[in-house]
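Hi everyone, thanks for coming along.

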Amino acid sequence: MFFDEVPPDTSIYMVAGYVIFFVVTAIYVASLFIRASNLSRDLETLKEAEEEQAAPAVEVASPPRVAPKPRAARAKTSKARTAKTKQASRKTR
Amino acid sequence: MDEILPKKAPVTTMTKSPAQASRAGSSALQQYLRAVGAIAWKDLAAELRSRELFSAMLVFSLLVIIIFNFALELDIATRRSVTSGVLWVTFAFAGTLGLNRSLGIEREQGGLDGLMLAPVDRTAIYFGKAISNLAFMLGVEAVTLPVYSFLYGINLFHPGLLGVILLGSIGYTAVGTLLATMSVQTRTRDMLLPILLFPLVLPVLIAAVKASGGILAGDEAASVMSWVNVLIVYDVIFLAVAFMVFDFVVQE
Amino acid sequence: MQAKPTTLKVLDIVSLLLLAVAAYLALFYAPEEATMGQVQRVFYFHVATAWTGLLGFVAAGVAGILYLIRKEERWDIIEVAAVEISLVFFFITIVLGSIWARPVWNAWWTWDPRLTTAAITELVYIAYLMLRQGIEDPVKRARFGAIYTILGAISAPVTFFVIRLVRTIHPVIIGSGDPGAQGTFAMTAGMKVAFFFALFTFTVIFVDLFWNRILLGRLSARVEELKLSVLR
């Protein structure tokens, strides 16, 4: 029996579309990972530098907690919040 | 500038907005309007004396028109149909020059800081600047139109067209002044303004080109009016938003 | 160092699973469309990524307003995260739309109002990122970012209506007459399942990526803060 029009074969485009989707998404997720690990590394380096600045002669087991820095210049409510997170994360370590 | 920098500046009037002013009595509103006028006049007077900015914008727009002529190589009929597009592209680019220069001068001469010390609502600075920018743009357009008419033999002196050009220029300078005040405070300054401005100002350009084109082609009023309405809506919306947001752009 | 919350780790896995199921539904379960063939399947992810982009767009605008009102750093972090995610997903939307258009309309770009507005919004996002890059002071950067986000959020719908007005008054002569349709077809039950499941999946994916990006933003803010104090 006749079937009228068979749909055109546009599978290539479908494949291209899905490949592009997965590739772009993967690249983005990968960039999130990479940026996060780079920043973590920076954070560690900066923390060490900060500790050395605060107490250059002393490098004891528990690092000195308060390095007096003028927070007034950058005073924002959120800075206090990130300071708290900083303390909290130090404690979790 | 003396009238907006009195000897004694009471702190309360620092933040008086037109709304508060109208409650307190019309004198504060008059003060506000005078401040706007003074700021606008400061730039216009300076420009009338030196004519640097105006001549630069003018030469630029003439060059753009000439470049279009050779780049597009059109026959007379096609030229008619692209006239509105060419005009608005020209205005958009010349406008950027004007905006950059107008705000750049403030930054160079420390004028922005001086203006901010004035005991008047910050938005007066915005409106004053926007008015002077608009004046520059209209001035350039006023000269470009006859030149274009002359070069291409197309009569552009249509009251409707002039109205569209006015409305489009208002929308463009409303957003442009706000963004220029921001971009001038960044590292990349001049280069950044077109990048920030053009995506936002597209509706104005589209509507202005369509309206202008419709008028020049003698389309019926109804279809042109729908574009004019778009321009009016855009102008109102963005003037209002700029008014609400400008304080944040200039606060230290 | 901030530890990734367990909920988020779970959400990561859930998102991946949902994505796998959505892909299966779109690629195999949904029936083939009669006039367009297999390429129509990109439609499921095309609309779903547009939805994700739209979520990000709205989140960015709201965060911008909230930042100006509250001046809290967290709204700035949220705003950047939202813009970035919307940028990525609108990009995918546009590319998929283009791929769909090619065999169906025989053109890579159809000036469809929605896709054109998405493309212009991409330009706004890029301008936003360039604006931020040009400002060193974090507070000013946040403030200007918020202002530009608000301007962009308002101009996008205006742009959309203007472009649609262009298309209705001057219908595009290439391709078929109806300017509003991006290839119309009636959805059967199987298609609807794939379609709505994709929308659901991408909502979850949005939340997951958003949360991850916000954590990254917080980390970045911490690093910057430390840099300013240590490398004084």
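Before we look at a kink, one definition: the bend at a residue is the angle between two fitted axes, one for the seven residues ending there and one for the seven starting there. Please also keep in mind that this is a predicted model. For the complex, the predictor gives an ipTM of 0.88 and a pTM of 0.84.

Find helix H4 of chain B, residues 76-108. Where is H4(B) kinked, and by how much? The kink is centred on B:Val82 and comes to about 50 degrees.

Is B:Ala94 buried or exposed? B:Ala94 counts as buried because it has 24 C-beta neighbours inside 10 Å, and the cut-off for buried is 20 or more. Leaving aside residues up to four places away in sequence, B:Ala94 touches B:Met57, B:Phe60, B:Ser61 and B:Val140. B:Ser212 lies 118 residues from B:Ala94 along the chain, and their C-alpha atoms are separated by 18 Å.

For a contrast, go to the loop between helix H7 (159-183) and H8 of chain B, where you will find B:Asp190. B:Asp190 has 17 C-beta neighbours inside 10 Å, so this residue counts as partly exposed. B:Asp190 and B:Gly104 are 86 residues apart in sequence, yet their C-alpha atoms are 8.3 Å apart in space.

Next, over to chain C. Of the 232 residues in chain C, 47% are buried. If we take contacts in chain C between residues at least 6 apart in sequence, 78% of them join residues at least 24 apart.

How confident is the predictor here? The average pLDDT of chain C is 90, and 92% of the residues score at least 70. Do treat residues 173-182 of chain C separately: pLDDT stays under 50 there, and the model has ten contacts beyond four places in sequence for that stretch.

Finally, let's see how chains B and C meet. In this interface, 23 residues of chain B are in contact with 24 residues of chain C. On the chain B side, the elements giving two or more residues are helix H8 (192-216) and helix H9 (221-250). H8(B) provides the largest share, ten residues. By type, that side of chain B divides into 17 nonpolar, four polar and two charged residues.

One residue of chain C to click on is C:Ile147, which touches B:Met182, B:Val245, B:Phe248 and B:Val249. C:Ile147 also belongs to the largest nonpolar core, which has 138 residues, and is among those that touch the most other members, together with B:Val164, B:Val175, B:Ala211, B:Leu231 and C:Ala198. Helix H3 of chain C, residues 73-105, gives the most to this core, with 19 residues.

Notes: Residues are numbered from 1 along each chain as its sequence is written. Chains are lettered from A and ligands numbered from 1 in the order in which they are written. This is a predicted model: local features need pLDDT of at least 70, side-chain atom pairs count only at pLDDT 80 or more; totals for chains, interfaces and linings use all residues. Two residues are in contact if their C-beta atoms, placed from the backbone, lie within 7 Å. Helices (H or I, at least four residues) and strands (E, at least two) are DSSP runs, numbered from the N terminus. Ala, Val, Leu, Ile, Met, Phe, Trp, Tyr, Cys and Pro count as nonpolar, Asp, Glu, Lys and Arg as charged, and the others, Gly among them, as polar. A nonpolar core is a set of buried Ala, Val, Leu, Ile, Met, Phe, Trp, Tyr and Cys residues joined through C-beta atoms within 7 Å. A residue is buried if 20 or more other C-beta atoms lie within 10 Å of its own, exposed if 12 or fewer, and partly exposed in between; C-beta atoms are placed from the backbone. pLDDT is the predictor's confidence in each residue, from 0 to 100. The expected span of a helix is 1.5 Å times one less than its number of residues.
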